[in-house]
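Hi everyone, thanks for coming. I'd like to walk you through one protein chain today, starting with the whole fold and then moving to a single residue.

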Amino acid sequence: PQTTTAHADDGSRILPGRIDDSLPFYPLRIAVLTVSDTRTMETDTSGGTLVERLTAAGHELAGRAIVTDDIEAIRGQVQAWVADEGVDLILSTGGTGFSPRDVTPEAVKPLFRREMDGFSIVFHQASLGTVGVSTLQSRAFAGQIEDTFIFCLPGSTGACRDAWDHVLGLELDSRYRPCSLAGQIPRLRHVCA
């Protein structure tokens with residue numbers, strides 16, 4: 001088995017773990033949601049970064065959308081993907097800061113069955129190495145709506161890159177040990193135990 005350790009840009013250790021190459025890789029079907037009043041598919045570098053990263057890792061893009069910073073618009077798209085059996089997991093970018101229009105937490109958290117408190121902690125540790133204490137301005141969070149996991153990231157391209165490279169890329173890889181979130185995806189529970 002190959003041992004890997006993620007490092008922040010300053011070289012500090014973030015997340016120890018290992019990819020066990022003797023195990024099969026199971027691609028997840030991931031939808032990407034951008035929350036923005038101004039971005040289009042052509043200008044959405046944050047969503048584009050997530051799409052590039054997840055497909056390069058071998059996962060499938062299950063859907064991509066841009067909605068405005070509006071609680072009902074955000075909820076509507078998230079609920080549609082939760083109801084879609086072709087979507088295993090949702091990544092959202094945008095609306096997690098403190099400007100008056102940032103309402104992603106208010107839109108999504110009421111839908112949660114469970115909150116993943118540890119994601120915010122690990123994300124902020126990774127982000128600290130890149131943007132320093134400015135990471136405090138992010139309300140990044142994650143949780144589970146019915147059986148679908150959702151990770152809500154800041155709208156900056158750098159934050160999406162940090163989240164994928166230092167946290168999600170490993171934790172969503174079915175070969176990652178000591179355990180991968182892939183084993184909690186309903187269609188993979190029997191193969192990723």
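This is a predicted model: local features need pLDDT of at least 70, side-chain atom pairs count only at pLDDT 80 or more; totals for chains, interfaces and linings use all residues.

Now, the architecture. The protein chain has five helices and nine strands. Reading from the N terminus, the order of elements is β-β-β-α-β-α-β-α-β-α-β-β-α-β.

How about overall dimensions? Along the principal axes, the C-alpha atoms fill a box of roughly 45 × 40 × 30 Å. The radius of gyration is 16 Å, which agrees with the value near 16 Å for a compact globule of 193 residues. Of those 193 residues, 49% count as buried.

And the surface? The protein chain exposes about 8,900 Å², with carbon and sulfur atoms supplying 52% of that area. For those of you who think about charge, there are 17 positive and 25 negative charges, and their mean positions sit 4 Å apart.

Let's zoom in on Trp81, which you'll find in helix α2, residues 71–83. Is Trp81 buried or exposed? Its relative accessibility is 7%, and buried means under 20%, so Trp81 counts as buried.

Which residues does Trp81 touch, leaving aside those up to four places away in sequence? The list is Ala31, Val32, Leu33, Gly63, Arg64, Ala65, Val87 and Ile90. Take Val32 from that list: Trp81 and Val32 are 49 residues apart in sequence, and 10.0 Å apart in space, C-alpha to C-alpha.

Technical notes. Residues are numbered from 1 along each chain as its sequence is written. Side-chain values use heavy atoms; hydrogens and water are left out. Helices (H or I, at least four residues) and strands (E, at least two) are DSSP runs, numbered from the N terminus. Buried means under 20% relative accessible area, exposed over 50%, partly exposed in between (1.4 Å probe, protein chains only). Contact means heavy atoms within 4.5 Å. The radius of gyration is taken over C-alpha atoms; the globule rule is 2.2 Å times the number of residues to the power 0.38. Accessible areas come from the Shrake-Rupley method with a 1.4 Å probe; for residues, only the protein chains shown count as cover. Lys and Arg count as positive and Asp and Glu as negative; His and the chain ends are not counted. The place of a charge is taken as NZ of Lys, CZ of Arg, CG of Asp or CD of Glu.
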